[in-house]
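This report looks at how selected parts of the structure below are packed. It covers a strand, the nonpolar cores and a pair of helices.

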Amino acid sequence: MSHPYYGLPDRQFWKKEPGITDPANLDPVAAPPFKIASRDRIVTAGSCFAQHVARYVEKAGFNHHVTESAHPIIPKKLAEAHHYGMFSARYGNVYTARQLRQLISRAYGTFVPAAQAWTGQSGAGVVDPFRPNIQPGGYTDLAELTADRAQHLAAVRRAFEEMDVFIFTLGLTEAWIDPRDGAVFPLAPGVAGGTYDATDVSFQNFDEGEVFEDLLASLRFLRMRRPKLRIVLTVSPVPLNATFEDRHVLVSNTISKAILRLAAEKCVRSMQNCSYFPSFEIVTSPHVGGRYFAEDRREVTPIGVDHVMRLFLKHYTIKTDDALPTGDTQGEVIRHQELMERAVEVLCDESAIENA
Amino acid sequence: MPRERNILLIGHSHVNCVQAAARRDGNLPWLRVINLRRLDAETSLDRAVQAAASGFDPAAVCLCLGGNFHNVVGTLEHPVPFSLGTMGIAGDPDYKPRHMIPRALVRALFRQRAYPDLVPRLYDFFPQAERLMLNAPPPVADFDHIRAFPGIHAGKLGLGPAPSELRLSLYALQTEVFRAIAEEHAARFITQPDAIFDSDGFLAKPYFNNDPTHGNQAYGLEMASLLQTSLRCAA
């Protein structure tokens, strides 16, 4: 007897998913329309889950394209503590599609927000309202923040102009907005700098139409700059930390993730070489029975991240034998830095005290 | 020697000049200097410091740890020229864009290099003693001197000197970090007298050692005198 489902692949049938009997075998990833090779320049952005993506692709030997590195005098661990290398540029978490759209506009100089600086959390110095956690200890003053921001936005521009692959993890629909010009802040003022005053900032929960429009406009702009750009969209499986809507955070979480998932789906259907990677589905699926969430039922455990990234690397990447060469200039800088490290020891021993 | 005048100076290379001055002068029995780099590497720090201080009951312990990192990163121009915060080196006619490093990041870097874990350990060896911390000397501006005594910089002199403003800014920031660490440990922070600076804020020529970064014996004598005065002031 024939019916429309007859002969369809196993992946389209719930009961045929191998993950039912062994969660580690869960694999809901469809064949992507492209592969990512070792040398392809990958730019990542998005909510906190996007940090895992960046870290894993780098660890797996792929080319996480970082255009805003710490100066070579800064040791790696210290640079990481100051959020260098976490993403391609030091933009921090980009939670909403509107934030991405405005980041692009700010980088290309078509949007200059009215908000320039917030007071630092300790009351001293200032922080960047658009990445308030990026600089531990804050900036000395507005001038220093402005100079660092100019350097940062140039690096953002360079990342977008040079990338081959853009991986964006959608995180939130709720945002805090400057009513003067619509600038979106990643965190409400008062959380990590600035002062909360209900008249200075307004709450907005973007609907599916707004998220889709912002995301599509962003991706189209980036595609215009890089016509061969390959795009991967994901939805963060990390639930909302808090909601400003007057309802339970779990209920807000569901609608938020549904909106983000819809927007991603519509973009994939609207653009060529734009793929959806189901990290949200892998972590939240019944197959894994909640085991990929930590004790707080929110953070994704390392084993959950491993599962997600194992499937990403399996389906999206192809290891090629063309590692990036280290340029002469870079080699010289490394050699200089090594010499300077040795100098710490040597300089301290070379005082012979002779010419008094 | 009455205990109330005794000062134990513990540090790295910047204490060598004080030690040399004490040896040359022969009239500074109230001062004992321990260069941590010259302690027996096979002995634990606790035992080595106690051995080096044996028979000496200090009224004050003065630390002068590290202090050369501003020179390590700032004596020569870096292959990737950098600026510190909004340091106004754009006034230089040959100005080229520099990699701007936020001051908070450089502050964190200096703190890492200021032996923050060693400071309380050393003070705690002498719980009855007053706590002092001596700042490191300012940088040497004279590139002819650095060229003549390049030390570790030999072979790299072609990079040329880093801008003076950068060098002074790095030294000022390092000083700020040392001062903060001193305050955290209830130590009195001792800065150099005006006499050892030139008119631009660098180390004055009479105090150059035959290397690119340290003070000489005359500088050491100034520091010994400064320590004595500091203790007197405290009393």
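## Strand 1 of chain B

Strand 1 of chain B is covered on both faces: B:Ile7, B:Leu9 and B:Gly11 are buried on one side, and B:Leu8 and B:Ile10 are buried on the other. With 5 of its 5 residues (7-11) buried, the strand is largely enclosed by the rest of the structure. The model is a predicted one.

Strand 1 of chain B runs parallel to strand 2 (residues 31-35) of chain B, and 5 bridges join the two. In this pairing, B:Asn35 of strand 2 of chain B stands opposite B:Gly11.

## Nonpolar cores

The largest nonpolar core has 50 residues, and those touching the most other members are A:Ile74, B:Ile10, B:Leu36, B:Val49, B:Leu122 and B:Phe126. Helix 7 (residues 164-184) of chain B supplies the largest share of this core, 7 residues.

Leaving aside residues up to four places away in sequence, B:Phe126 touches B:Leu8, B:Ile10, B:Val49, B:Ala53, B:Pro58 and B:Val61. A second, separate core holds 44 residues, including A:Leu153, A:Leu215, A:Ala264 and A:Cys274.

## Helices 3 and 4 of chain A

In chain A, helix 3 (residues 97-107) packs on helix 4 (residues 142-162) at an angle of about 105°, and their axes are 9 Å apart. Helix 3 of chain A is therefore roughly perpendicular to helix 4 of chain A.

Helix 3 of chain A makes the contact through A:Leu103, A:Ile104, A:Arg106 and A:Ala107, while helix 4 of chain A uses A:Arg149, A:His152, A:Leu153, A:Val156, A:Arg157 and A:Phe160. By class, this contact comprises 6 nonpolar, 1 polar and 3 charged residues.

Terms used. Residues numbered from 1 in each chain as written. Chains lettered and ligands numbered in written order. Predicted model: local features only at pLDDT ≥ 70, side-chain atom pairs only at ≥ 80, totals over all residues. Heavy atoms only, no water. Core = buried A, V, L, I, M, F, W, Y, C linked by side-chain atoms within 4.5 Å. Buried < 20%, exposed > 50% of the residue type's maximum accessible area, 1.4 Å probe, protein only. Helix = DSSP H or I, 4+ residues; strand = E, 2+ residues; numbered from the N terminus. Contact = heavy atoms within 4.5 Å. Axes fitted to C-alpha atoms, helices over the stretch in contact; angles between N-to-C directions. Parallel < 35°, antiparallel > 145°, perpendicular 65-115°, else oblique. Nonpolar A, V, L, I, M, F, W, Y, C, P; charged D, E, K, R; others polar. Pairing = 2+ DSSP bridges.
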